[in-house]
Every structure is written in C-alpha cells, then in structure tokens.
Amino acid sequence: MAQGLVELRSIDVVPDEERHGTAFSQFTLWLGANLQITAVVTGALAVVFGGDVVWSIVGLVLGNLLGGAVMALHSAQGPKLGLPQMIQSRAQFGVRGAVVPLLLVVLMYVGFFASGSVLAGQAVGELTHTGDTTGIVVFALVTAVTATVGYRVIHTLGRVASVVCAVAFVYLGIRLLDHADVSALLDNAHFSLPMFLLAMSLSASWQLAFGPYVADYSRYLPRTTSTRATFWWTLSGSALGSQWSMTFGVLVAATAGEKFLDNQVGYVVGLGGTGLIASFLYFVIALGKLTVNVLNTYGGFMSMVTSISGFRGQRVLSQRGRALYIAVIMVAGTAVALLGKDSFLASFKDFLLFLLTFFTPWSAINLVDYYLISKERYDIPALSDPGGRYGAWRWDALVVYAVGVLAQLPFLATTFYTGPLVEQLGGADISWIVGLVVPAAAYWAVARRHRDGGDRTGEGTEPRTKRGASPTVSGASAS
C-alpha cells in the first residue's frame with residue numbers, strides 16, 4: 001500500500017511506515033508549480049495597471065518573500081502532524097466551525113482551476129488544433145485524472161515540470177532580451193507608492209493562496225524531517241519560481257503592450273519561435289498549468305472531504321468517493337473557465353486581491369495558534385471529535401476571523417469596491433498587511449486568555465482531555 005502509485009489516504013493521519021521523501025521535494029514541487037503562464041500574467045499586471053519595470057520587480061520580490069514565508073510556515077506543519085492543511089483549522093475554529101474558512105477555500109480552488117484552465121486551454125487548443133473550448137475541457141479531464149492518482153504522481157509531475165519549465169523559461173528569457181531594450185526600461189524608474197504596493201499585493205496574494213493546501217504536499221515526509229529544512233526548501237522553490245515567472249511577465253508587458261494583453265499565451269509562444277519550438281512551448285505552458293491545477297484540484301478535494309467529515313465523522317474515503325469529489329471540482333472549475341474565458345485578464349487581478357482578503361486572516365490565526373499557542377502540538381484524535389477538547393464551534397476564533405476580514409475593507413482597492421481610506425493613502429492597497437496583523441494580535445490575546453484561564457487546551461506536554469476525548473496525541477506522536 002505504501003509503495004503503490006494510487007494514493008489511498010485522504011484526510012486521515014499518515015502513519016510513520018508510509019512516510020517517505022526529503023524536504024528537497026518541496027523545492028522541486030513549488031518551483032515547477034510557479035514556473036507557469038499564470039504567474040507570468042500576475043507579474044505583468046503590475047505594469048498593466050501603471051507600474052514601471054524597476055519598482056514593479058522590487059515590489060514583486062518583497063511580496064513573494066513575505067507571502068512565501070507565511071506559506072512556508074504552513075508547509076513546515078506537514079511532517080510534524082501528517083495531516084492535510086485545512087483539517088488543522090479545526091484546532092482553531094472547532095471541528096465544525098472550520099467549515100467557514102473551508103467553504104471559502106473551496107471557492108478559491110474552483111477559481112484557480114478556472115483561471116488556469118483558460119490559459120492552459122489556449123495552449124492545448126493550439127497543440128491539438130481544436131480551439132480554446134475543447135482545449136479547456138481536455139485539460140480539465142487530464143487534471144482530474146492526475147489528481148485522482150494522488151500524492152506520488154503530483155510530486156513526480158513537479159520534478160519533471162521544474163526541469164522542463166526552467167529550460168523553457170531560460171530560452172524565453174534569452175529571446176526576450178534580444179527583442180527588448182532592457183537598459184531603457186531600467187532607466188525609466190519612477191516610484192509610485194500605490195503601484196509599488198499593488199505589485200507587493202499581487203505577489204503576496206499569489207503566495208498566500210498556497211497556504212490553505214501547502215502542508216498537503218509535505219505531510220508524507222518523515223516525522224524527523226527538519227522544520228527549518230521544510231521551510232527553506234518550500235520558500236526557495238516557491239519564491240524563486242514565482243519571481244522568475246513574474247519578472248518575465250513584467251518585461252513582456254513593458255515591451256509588448258497590447259500585443260501581450262490581447263493574447264498572453266500566443267504572444268509568449270510567438271516570442272520563442274515557430275514550428276517545433278512553438279509546439280514545445282505550448283506543451284510547456286500546458287505542463288506548467290497542469291502541475292499547479294492538479295494541486296488546486298487535489299486541495300479542493302481535501303477541503304470538501306474535511307468540510308463534510310466535520311459533520312458526518314467520516315475520515316476514510318473510497319477511490320470512488322475520491323473520484324466523485326474531484327469530479328465536482330473539475331466540473332465547477334471548467335464551467336467558470338468557459339464562462340469567463342473572454343474577460344480573463346480584467347477579472348483575474350480582482351480575484352487575486354479578493355482572495356487575499358479572506359485568507360490572510362486564516363493564515364494569521366492558524367500560524368499564531370500552531371507556533372505560539374499550541375507550540376506545534378495538537379490532540380490529533382480530538383480533531384475529529386466535535387465533543388472533544390476543540391469542540392464543535394469555537395465562536396471566539398470565528399469572531400476574530402470575521403474581525404480580520406472586516407478590518408481590511410477600509411484599505412481594499414478593487415474595481416468593484418474601494419475602501420474609504422484608500423484615497424487617503426494615495427490609492428495604495430494595504431489590506432493584506434492589516435489582514436495579517438489585526439487577527440494575529442487579536443487571536444493571540446483571545447487564545448492566551450483562554451489558556452491562562454484553563455479553557456484553552458492542546459498546549460504543553462500533558463494537555464487534558466474533556467468530554468471523553470481520546471488521549472492527547474502531540475505533533476510528535478500523531479500516528
């Protein structure tokens with residue numbers, strides 16, 4: 001079972017005898033997942049909406065590092081607990097209360113599946129000479145099959161994509177430098193705080209959006225895997241891959257203008273050449289999108305199972321059930337892709353910033369609880385017991401989460417909503433910073449008060465059980 005290609009586990013704990021791999025696997029997976037066309041488009045948006053090349057790149061670097069550090073802290077939880085990322089939210093929000101952020105996470109997966117399918121569908125359509133619509137459907141089917149196989153094939157795909165996509169991006173970078181007057185672009189630097197913060201927000205939101213599922217892909221690592229190694233390999237792979245792609249996107253948008261905006265995939269491939277080279281580049285685009293869309297599909301399936309199991313108590317899932325959950329994600333994502341494929345670029349930026357509003361508070365609460373309150377130790381059996389130490393609903397944490405979301409609204413700037421304080425900041429969007437700081441401080445205060453009062457459990461060497469919960473199992477002995 002442990003060596004089979006098809007994964008049999010879902011949200012249950014991975015026992016020690018099935019653990020395998022090294023922390024370096026996180027580098028190849030996240031490098032491959034970020035060397036792809038949507039990251040290129042994300043970087044390009046910094047210029048499309050008014051930024052210059054120099055400060056857009058600097059802003060993207062800072063956002064990738066800050067957001068990537070938060071994302072990598074989530075990744076480091078995987079080897080310790082052997083659990084998918086979002087089931088850990090039950091320790092903060094309650095076994096059933098965790099459904100609140102989970103529903104938003106599922107929407108995120110569907111959105112990213114759709115946006116990835118739009119661009120990959122263009123590439124597949126060109127490769128097969130069938131058009132965008134057929135390309136989107138074919139790509140979605142391949143994604144669903146790959147996600148159904150599971151963990152091992154996902155990491156294999158990441159290793160392949162990290163090499164193939166890196167070679168392609170080196171080649172495309174050389175071709176771009178042949179066409180662009182880079183020195184003129186670098187000389188035209190004019191700092192604008194709103195545009196600088198937009199670039200930071202774009203890349204930070206890109207990284208933070210991985211947070212709700214990043215531990216899903218580190219949970220099979222041996223329990224002895226260094227937390228530091230998991231953190232740094234994850235951060236380096238994700239930040240390097242995304243910054244590489246986004247820098248390329250900045251330069252392409254600055255040099256191509258409307259030609260790139262009208263057809264992102266076609267322009268990038270045309271930059272590389274024609275004939276066999278063009279076919280290879282279309283394949284690379286599809287491969288890069290396949291890597292990350294499989295992560296979105298797999299993460300969506302895990303989140304749906306976690307949501308439903310909080311009410312039904314089911315932890316083990318059949319292969320048929322697994323395929324059904326994945327099919328739901330695929331159908332929903334494909335429908336959104338087909339409906340929105342003609343207005344992709346305009347809606348994608350708002351989608352990224354909208355997601356950031358809901359996931360920065362979740363990240364802040366999860367990380368404060370795991371690292372500062374619970375000290376990397378959870379009662380694993382109680383995560384499935386609504387009558388156990390974590391309870392069914394933790395209303396204090398849900399209130400903190402709501403406060404974290406609402407606190408961002410005055411600072412949020414999108415096309416469909418602009419907060420009242422944005423204009424006073426010169427149009428700058430700093431909502432994601434508020435969304436990290438406010439709920440982190442509020443949750444720390446609430447959780448400390450409960451712990452000091454004897455109501456908060458899950459910390460220390462011998463946390464108590466209540467209401468007949470199973471004996472405490474820490475992150476160090478979770479199987």
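This is a predicted model: local features need pLDDT of at least 70, side-chain atom pairs count only at pLDDT 80 or more; totals for chains, interfaces and linings use all residues.
1. Leu104 counts as partly exposed because its relative accessible area is 22%, where buried means under 20%, exposed over 50% and partly exposed in between, with a 1.4 Å probe and protein chains only. The residue belongs to helix α6 (residues 99–128); helices (H or I, at least four residues) and strands (E, at least two) are DSSP runs numbered from the N terminus. Apart from neighbours within four places in sequence, Leu104 is in contact with Phe358, Phe359 and Tyr401, contact meaning heavy atoms within 4.5 Å. Its C-alpha lies 9.8 Å from that of Ser303, a residue 199 positions away in sequence.

2. Residues are numbered from 1 along each chain as its sequence is written, and side-chain values use heavy atoms, with hydrogens and water left out.

3. Overall composition. The chain has 18 helices and 0 strands. Of its 479 residues, 61% are buried. Among contacts with a separation of 6 or more, 86% are between residues 24 or more positions apart.

4. The nonpolar core. The largest such core holds 133 residues, and Trp30, Phe248 and Phe260 have the most contacts inside it. Helix α14 (residues 275–312) supplies the largest share of this core, 16 residues. A nonpolar core is here a set of buried Ala, Val, Leu, Ile, Met, Phe, Trp, Tyr and Cys residues joined through side-chain atoms within 4.5 Å.

5. Trp30 and the packing of α1. Not counting residues up to four places away in sequence, Trp30 touches several residues, including Met71, Phe210, Tyr213, Thr234, Gly237 and Leu295. Trp30 is also one of the α1 residues that meet α11; Phe27 and Leu31 of α1 are among the others, and the α11 side includes Trp233, Thr234, Gly237 and Leu240.

6. Geometry of α1 and α11. Helix α1 (residues 24–34) and helix α11 (residues 227–256) pack at about 20 degrees, with axes 7 Å apart. Axes are lines fitted to C-alpha atoms, for helices over the stretch in contact, and angles run from 0 to 180 degrees between N-to-C directions. The two helices are therefore roughly parallel, a term for angles under 35 degrees, with over 145 roughly antiparallel, 65 to 115 roughly perpendicular and the rest oblique.

7. Helix α10 and its partners. The axes of helix α2 (residues 37–48) and helix α10 (residues 193–208) come within 8 Å and cross at roughly 160 degrees, which makes α2 roughly antiparallel to α10. Thr38, Ala39, Thr42, Leu45 and Ala46 of α2 contact Ala199, Leu202 and Trp206 of α10. By class, these are 6 nonpolar, 2 polar and no charged residues. Helix α3 (residues 53–75) packs on α10 at about 30 degrees, with the axes 7 Å apart, and is thus roughly parallel to α10. The contact of α3 with α10 divides into 12 nonpolar, 8 polar and no charged residues.

8. Leu8 is found before α1 and is partly exposed, at 41% relative accessibility.

Note on methods:
Ala, Val, Leu, Ile, Met, Phe, Trp, Tyr, Cys and Pro count as nonpolar, Asp, Glu, Lys and Arg as charged, and the others, Gly among them, as polar.
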